[in-house]
Amino acid sequence: MDYSSLWLNWQPINEPPAFMSGICARVHSASGKAALRELQEGFAAMTGRRPADTAAGACLCITETDAEDESYAFIREGETLRLEGGARGLVFGAFDLLRGLALGKREFDGASAPRYSVRMLDHWDNMDGSIERGYAGRSFFFEDDRILNGPRIRDYARLLASCGLNGCCINNVNVKAEAVRLLTPDHWPALAELAKTLAEYGIKLWLSVSFAAPMELGGLDTADPLDEAVCRWWEETTAALYKAVPNLGGFLVKADSEGRPGPFTYGRTQAEGANMLARALAKQGGKLLWRCFVYNCTQDWRDTKTDRARAQCDHFAPLDGQFDDNVLLQIKNGPVDFQVREPVSPLLGRLEHTNSIIEFQITQEYTGQQKHLCYLIPMFKDILDFRLCHRAENDSVAETVSAVCAVSNMGRDYNWTGHDLAGANLYGFGRLSWDPALSAEEIAREFIRLALGDDERIIAEVLPMLMRSREVYEQYTAPLGIGWMVNPGHHYGPNPDGYEYDRWGTYHRATNTAIGVERGPNGTGYTEQYRKPLSDMYADVASCPEELLLFFHRVNYDYVMRDGRTLIQRIYDDHFAGYEAAEEFAQSWDRLEGLLPEDLFSRVQERFAEQLRSAREWRDIINSWFYRRSGIPDIHGRELY
Ligand code: GCV
């Protein structure tokens with residue numbers, strides 16, 4: 001096989017329970033049969049014996065019910081275990097059972113259902129096979145403007161289902177070139193085949209579409225959402241598409257964002273644009289995911305009134321309640337763009353009557369591009385647990401959103417995710433999407449044991465590394481929520497002024513005495529977009545969480561932090577400490593030589609070497625840049641250039 005099986009690499013287990021000796025199956029659908037096949041093959045790998053096809057004696061009985069949802073239940077009957085669920089439920093249940101067995105669990109009982117009904121990966125794949133912000137090789141969905149299918153797609157579906165996901169949007173939200181034509185019958189037979197492969201494992205196919213498609217494909221001279229011919233074109237196209245590809249989840253749209261077409265061109269609101277498409281989809285039982293990443297990306301750096309962080313709330317909060325039920329507003333976890341540290345998007349707490357889907361990014365665009373180790377699940381947990389204060393209780397992000405998605409980190413590389421340990425982000429996102437109450441550490445431990453090896457020595461090295469990795473990455477890159485400071489375009493490596501004189505609205509506005517944008521009531525007023533008491537907490541520099549100090553406030557370099565250090569000293573200290581921690585990671589990994597497959601060991605070893613090189617570069621460039629700006633030396637006399 002020319003790709004790894006990640007966490008689906010079942011190994012022999014100790015003391016297999018009696019029910020593993022046989023399987024009695026009452027399944028009829030393709031998904032029910034897929035679940036059965038997974039169990040047969042999984043049991044065989046774990047016990048060394050193919051389970052008997054039997055109803056007698058201790059066995060596993062799987063029964064497919066008519067339930068449409070994704071829930072399943074384990075019921076114990078003496079030495080026999082029953083697994084019951086609808087077609088899709090059985091798939092998730094089968095993987096849950098296999099995972100449990102592989103992790104040493106022997107007793108199975110009770111029901112399980114996912115927290116969200118939409119749990120998906122967004123791929124930014126282009127039909128020429130390239131991937132926008134892809135760090136794991138080319139697309140496995142597309143090549144040469146064609147749709148691919150086959151064993152790798154089937155294994156992709158298995159991977160998604162086995163960690164709890166149930167959907168994927170296969171093409172880039174920047175819908176260009178051939179991808180516009182996914183809405184033409186030319187591509188539907190291949191889409192239908194792909195949808196079928198995915199559906200076997202309970203995965204729904206979604207498509208990104210261009211808001212201007214009626215003009216690009218339909219020969220109309222407008223894409224105005226209130227134009228009758230435009231509405232008709234979408235309705236007819238959507239109906240025909242669903243006829244050809246019945247299992248479609250719906251559409252994902254990036255409109256009026258970074259040059260993409262949208263309703264603003266016609267003086268229409270985001271709600272008018274979204275509802276028009278949603279109505280075409282509603283007739284087919286489809287949903288519309290409408291992205292809120294709408295901001296002015298041509299801001300002049302001299303314009304200090306416009307604040308990109310405010311944009312999404314400014315555009316969407318006033319429209320709360322105006323979106324149809326099958327619209328989910330897709331909101332990035334932070335107000336700007338997937339930086340290593342951002343506050344939670346205030347828009348999440350401003351929608352009382354509108355469905356929302358939170359968008360995470362597991363492709364590591366700004367977090368080391370799968371060359372650096374950065375386990376993102378602790379950060380996702382913090383975000384999901386964050387209380388938005390829009391109601392007295394049940395006000396966490398996890399309890400507020402109706403769905404979750406993440407920008408995929410997968411590609412055609414042998415290990416799927418570029419860095420072998422980046423598989424933990426994929427696995428972890430899936431596990432959280434099913435059950436946001438799981439802890440980041442539990443998930444990391446599972447991933448290590450399933451994907452790397454069930455050996456205490458491996459866990460002892462890798463677990464602390466994963467758990468610290470985000471904080472370490474944060475320490476040696478842009479400090480305390482200021483963000484950016486990366487090379488423009490590809491976004492890898494340090495460049496403190498890289499975006500400063502550009503048009504993207506991501507300024508730090510550093511002078512020789514201070515840095516940061518003031519976002520309190522006397523500044524851009526961004527803090528006011530939060531509910532109280534959050535708005536007050538963020539507005540006051542004294543109560544603002546220090547890790548976000550430079551996101552919210554403009555601060556002098558000699559500002560004294562809570563522990564008595566100056567801001568500048570904190571920046572120097574973090575950068576030296578972050579680099580040292582990266583060194584420890586590389587040494588820790590080296591101790592695993594001989595305990596892991598040689599190819600995996602050396603692939604990751606190479607990544608750590610690059611992480612170290614890059615961390616050193618970050619440390620030196622950031623520290624020296626702050627030193628030259630401020631003229632303040634390091635109190636410990638370490639080398640600044
Ligand atoms: C798909 C950032 C990325 C873009 C991405 C955009 C988005 O700006 O750099 O590559 O485009 O976000 O989320 O739409």
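**A tour of the salt bridges**

Start by selecting Asp599 and Arg603: the two form a salt bridge, with the closest N and O atoms 3.5 Å apart. A salt bridge here is a side-chain nitrogen of Lys or Arg within 4 Å of a carboxyl oxygen of Asp or Glu. You are looking at a predicted model, in which local features need pLDDT of at least 70, side-chain atom pairs count only at pLDDT 80 or more, and totals for chains, interfaces and linings use all residues. Residues are numbered from 1 along each chain as its sequence is written, and side-chain values use heavy atoms, leaving out hydrogens and water.

Now show helix 17 (residues 598–630), where Asp599 and Arg603 both lie, four residues apart, about one turn of the helix. Helices (H or I, at least four residues) and strands (E, at least two) are DSSP runs, numbered from the N terminus. Asp599 is partly exposed at 39% relative accessibility, and Arg603 is partly exposed at 24%. (Buried means under 20% relative accessible area, exposed over 50%, partly exposed in between, with a 1.4 Å probe and protein chains only.)

Next, select Asp563, Arg565, Asp573, Asp634 and Arg638, which salt bridges with shared partners join into one network.

Then go to Asp337 and Arg308, whose side chains meet in a salt bridge (3.9 Å, N to O). Asp337 sits in the loop between strand 14 (327–332) and strand 15 (355–361) and Arg308 in the loop between strand 13 (287–291) and helix 8 (311–316), so the pair ties together parts 29 residues apart in sequence. Asp337 is buried at 6% relative accessibility, and Arg308 is buried at 4%.

Last stop: Arg449, partly exposed at 24% relative accessibility, forms a salt bridge with Asp454, the closest N and O atoms being 2.8 Å apart.
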